[in-house]
Amino acid sequence: MLKNCKSIAVDADSIHRKICSVLLNLCMNKNYELVFVADRPLKQIQSIKDKNKLNIRIIRVKQADNSADDWIVRYSSDFLCVITHDIPLAKRIAEKGGMVIDERGTLITEENASYLLSERDYMTKLREYGLYEKTTSCPITNQDVKKFADTLNMIILKNEQ
C-alpha cells in the first residue's frame, strides 16, 4: 500500500449509485481523488464534478474488450485501492499486490481472489446447465453500503497513520 496515497480508482462500467454516493462523500469530506475509468462517456459523473468542483478524474479508454480493466491493472499501484465488482479484474489487481473492494464491502486480496473467482465460475456453470436459475439480480442493500463504507474507512485510516 502506498503511504499517504489519496487516489482511489473506480471501475465505472456499472458502479452502483449508492456506492458512488459514498465515494463522492469521501471526495468532498476528505479530499481524496476519485479516478473513474470507463470506455464510454460518464456524463453524470462529469456533471457532479463540474457542479461541485470535486477532485475527480475521468479516464475514457478506447472501446475494446477489457480496455478499462487493462488500464486499471496497469496503473493499480498508483492508487490506494480499486473499487470494482468485476472478480476477474479484482484478481488481476490483487495478484499485483493492489487492494480491491467490491461493492458489497468485501476486501479482495491475493488470498481470497481465486476462491471468489472459482465460486463465480461455478455458479455460471450451474446456470449454463440449467441447475440454478438466477431469478433476479441481488440489489445492493443498506447493509451492503454500510459494509462498503466501513471497509473503505478502514483502508483510509490505515493509510493516514
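Tutor: Let us start with charges: Lys and Arg count as positive and Asp and Glu as negative, while His and the chain ends are not counted. The place of a charge is NZ of Lys, CZ of Arg, CG of Asp or CD of Glu. The model here is predicted, so local features need pLDDT of at least 70 and side-chain atom pairs pLDDT 80 or more, whereas totals for chains, interfaces and linings use all residues. Residues are numbered from 1 along each chain as its sequence is written, and side-chain values use heavy atoms, with hydrogens and water left out.

Student: What are the mean positions of the positive and negative charges used for in this protein?

Tutor: They give a separation: the mean positions of the 25 positive and 22 negative charges are 6 Å apart.

Student: Which secondary structure does the protein have?

Tutor: There are 6 helices and 6 strands, in the order β-α-β-α-β-α-β-α-β-β-α-α along the sequence. Helices (H or I, at least four residues) and strands (E, at least two) are DSSP runs, numbered from the N terminus.

Student: Why is Trp71 called buried?

Tutor: Buried means under 20% relative accessible area, exposed over 50%, and partly exposed in between (1.4 Å probe, protein chains only). Trp71 has 14%, so Trp71 is buried. Tyr75 has 33% and therefore counts as partly exposed. Across the protein, buried residues make up 42% of the 161 residues.

Student: How many aromatic pairs does a search of the whole structure find?

Tutor: The search finds 2 aromatic pairs. One of them joins Trp71 and Tyr75, with 4.6 Å centre to centre and 40 degrees between the planes. These two residues are 4 apart in helix H3, so about one helical turn separates them.

Student: What makes the pair of Trp71 and Phe79 tilted?

Tutor: Rings of Phe, Tyr and Trp (its six-membered ring) pair if their centres lie within 6.5 Å; planes under 30 degrees apart are stacked, over 60 edge-to-face, and the rest tilted. The ring centres of Trp71 and Phe79 are 6.3 Å apart and the planes stand at 50 degrees, so this pair is tilted. Both Trp71 and Phe79 are buried. Ring pairs link Trp71, Tyr75 and Phe79 into a cluster.

Student: How do you know whether Ser76 is buried or exposed?

Tutor: Its relative accessible area is 5%, so Ser76 is buried. Ser76 lies in the loop between helix H3 (67-75) and strand S4 (81-83). Leaving out residues up to four places away in sequence, Ser76 touches Val82, Ile93 and Lys96, where contact means heavy atoms within 4.5 Å.

Student: Why is Lys53 called exposed?

Tutor: The relative accessible area of Lys53 is 71%, so Lys53 is exposed. Lys53 sits in the loop between helix H2 (43-52) and strand S3 (56-60), and its phi is near 55 degrees, a positive value in a residue other than glycine.

Student: Where is Asn31 found?

Tutor: Asn31 is in the loop between helix H1 (17-30) and strand S2 (33-38). Asn31 has a positive phi of about 55 degrees although it is not a glycine.
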